[in-house]
Amino acid sequence: MKTLLEIKSISKTFGKLKANSEISFEVKKGEILAILGENGAGKTTLMNILFGHYMPDTGNIYFKNKPIKFGNTSHTISIGIGMVHQHFTLADNLTVLENIIIGQKSLLSFSLSKKTAIKKLNFLMKKFNLPINTNSMVSDLSVSEKQRLEILKTLYKDCELLILDEPTAALTPQETEGLFKTIKIMVNKGLSVILISHKLNEVLSISNRIIVLRDGKKVGEKKTINANYKSIASMIVGKEISYPKKIKLETKNEVLKFEDIYYSSENNLSVKIKNINIKLMGGEILGIAGVTGNGQPDLAKLLSGHLAPASGKIFLNKIYVNNFTPKVFMDNGLAYIPEDRNKDGLVGDMSVWENTVMTEIDNQKVSNNFGFINSKNSKEHSSLICKLNDVRLQKIDQPARLLSGGNVQKLLIGKWLYRNPKIIIACQPTRGLDEGAIASVHEMILNARKNGNGIIIIGEDLDELLSLSDKICVMYNGSLSLPLEISKVDKLLIGMMMSGKDFT
């Protein structure tokens with residue numbers, strides 16, 4: 001195949017951090033190239049250099065045998081390179097057509113040629129099988145339709161190389177399958193695709209070639225046909241990964257019960273939580289699947305005492321709860337791992353030890369009756385938790401924001417497990433983590449299950465939910481399906497329920 005893109009010896013440094021170091025590779029015409037690596041491996045920096053957001057310190061990039069102008073996104077787009085970011089850049093208050101043609105003409109122009117734009121769009125939609133109503137408001141589109149629109153935006157600008165950053169992060173299995181069909185149509189028509197993803201199974205199913213970055217360097221390259229999950233995962237982290245296995249357990253006493261819980265936010269913008277019923281047993285993992293925007297954040301806050309229901313009953317360890325605060329739920333043996341670990345899980349500018357003992361002010365070893373913190377005991381307590389849970393850090397006094405995503409998650413889970421909770425609510429527990437950190441977090445969760453904890457995992461990664469859970473529910477438009485035994489469900493059925501079909 002003919003070479004479309006050539007990256008030669010790209011290096012980029014931020015202060016003392018070497019984000020990219022002498023990275024070189026090619027992308028062929030009509031090829032799907034996957035770029036993998038841990039958080040901080042240099043993937044995002046490299047793509048930002050390619051797309052014109054950053055200037056490299058050294059190196060060159062050639063597109064169709066011509067050097068690209070660094071630090072100029074307009075130039076990058078004009079020569080045929082497009083990028084669809086994980087978080088969409090769309091104007092919700094405009095139509096599909098307006099989102100595509102916005103910025104195509106000078107502000108001094110009196111009008112935009114909508115007829116010409118619609119004609120070109122109809123051609124692209126037919127050619128690449130990307131149907132969408134051009135008159136629809138973006139705010140009314142589903143997640144997969146918004147992604148389709150983002151791809152159409154790049155194709156409208158005559159894109160020849162498309163960069164997709166975590167494109168399936170919020171898609172159902174059916175939507176992912178549809179996206180992959182679209183990608184294959186695009187490459188069959190001569191386009192090239194660079195795919196950045198954490199989901200190895202998907203990468204192995206769609207890509208032609210895989211490149212792995214680690215610590216800012218290119219450490220491996222394989223044709224996908226010669227690769228497997230284990231070999232690529234080991235290449236990503238630099239060592240062989242041991243994945244924990246779920247064993248069959250007998251469940252214990254009921255630890256949590258929701259009866260007909262209803263909740264509606266005051267601003268009426270959130271999805272209403274309607275007649276939620278949950279029964280969780282000790283030694284059981286209940287997975288709650290669903291696409292973003294179906295009420296999961298509010299459900300997590302109800303489960304952890306951050307929100308009070310408008311009606312219904314909640315029982316923790318068979319004790320009726322009518323005082324809804326995080327402290328009350330915590331004192332009743334509940335631990336909460338929030339979805340956004342950096343925003344809701346810790347205070348970044350406070351030290352690691354301060355974050356560790358933040359929830360332990362009732363512990364007499366940590367603070368006295370007057371509320372003064374015993375820093376010596378607190379640091380010893382924090383150091384023990386970090387050691388037990390393999391939290392890797394420079395020193396216990398360092399700001400928590402300097403920890404990697406995986407180490408933040410291990411710290412959060414570890415400090416809660418040290419309290420011996422009976423119930424764990426974990427939201428997106430491995431989102432954005434590399435394979436090594438994922439394996440560690442899975443092991444922590446399964447060990448907690450083995451110790452008799454009742455665990456609820458709220459997530460979008462269906463592979464993870466199916467591998468860890470004993471039962472699974474689907475959340476759609478604020479309602480929760482009846483629990484299904486994992487042994488009796490398949491990915492297709494859950495995916496259909498996530499999109500609202502066959503939802504019961």
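Student: How many nonpolar, polar and charged residues does the lining of the second largest cavity have?

Tutor: The lining of the second largest cavity has four nonpolar, three polar and two charged residues. Here Ala, Val, Leu, Ile, Met, Phe, Trp, Tyr, Cys and Pro count as nonpolar, Asp, Glu, Lys and Arg as charged, and the others, Gly among them, as polar. On a 1 Å grid over the protein atoms alone, a cavity is a set of points where a 1.4 Å probe fits but cannot get out, a pocket is an open set with protein on both sides within 12 Å along at least five of seven lines, and lining residues have an atom within 4 Å of a point. The second largest cavity holds about 60 Å³ of space, and its lining includes Leu-36, His-198, Asp-434 and Glu-435. A volume is the space filled by probe spheres set on the points, with grid points joined across faces, edges and corners.

Student: On what basis are these values given?

Tutor: This is a predicted model, in which local features need pLDDT of at least 70 and side-chain atom pairs count only at pLDDT 80 or more, whereas totals for chains, interfaces and linings use all residues. Residues are numbered from 1 along each chain as its sequence is written, and side-chain values use heavy atoms, with hydrogens and water left out.

Student: Which residues line the largest cavity?

Tutor: The structure holds two cavities of 30 Å³ or more, and about 70 Å³ of space lies in the largest cavity. Its lining consists of Ala-335, Ile-337, Ile-413, Trp-416, Leu-417, Ile-424, Ala-426, Met-444, Ile-445, Ala-448 and Ile-455. The elements giving two or more residues to this lining are S16, H14, strand S17 (423-427) and H15; helices (H or I, at least four residues) and strands (E, at least two) are DSSP runs, numbered from the N terminus. By class, the lining has eleven nonpolar, no polar and no charged residues.

Student: How is helix H15 to be read?

Tutor: An α-helix has 3.6 residues a turn, so residues three or four places apart point the same way. H15 covers residues 435-450, and its 16 residues reach 22 Å from the first C-alpha to the last, close to the 22 Å expected at 1.5 Å a residue; the expected span is 1.5 Å times one less than the number of residues. Among the buried residues of H15 are Ala-437, Val-441, Met-444, Ile-445 and Ala-448, where buried means under 20% relative accessible area, exposed over 50% and partly exposed in between (1.4 Å probe, protein chains only). Just after H15, Gly-452 takes a positive phi of about 100°.

Student: Which residues other than glycine have a positive phi?

Tutor: Most residues other than glycine have a negative phi, and most peptide bonds are trans. Asn-420, with a positive phi of about 55°, lies in the loop between H14 and S17. Asn-420 counts as exposed because its relative accessibility is 63%. Asn-477 has a positive phi of about 50° and is found in the loop between strand S19 (471-476) and strand S20 (479-480). At 39% relative accessibility, Asn-477 counts as partly exposed.

Student: Which way do the residues of strand S8 point?

Tutor: In a regular strand the side chains alternate between the two faces of the sheet. From S8, Ser-192, Ile-194 and Ile-196 point one way and Val-193 and Leu-195 the other, and all are buried. Strand S3 (residues 32-37) pairs with S8 in the parallel sense over four bridges, and Ala-34 stands opposite Leu-195. Strand S7 (residues 161-165) also runs parallel to S8, joined by five bridges, with Ile-163 opposite Ile-194. Two strands pair if DSSP finds at least two bridges between them.

Student: In what order do the four strands of the open sheet stand?

Tutor: Strands of a sheet pair through backbone hydrogen bonds, either parallel or antiparallel. In this open sheet the order is S2-S1-S4-S5, with antiparallel pairing. Strand S2 (17-28) and strand S5 (66-67) stand at the edges, each with a single partner strand, so one side of each is left without a neighbour in the sheet. Eight bridges join S1 and S2, and Phe-14 has Leu-17 in S2 as its bridge partner.
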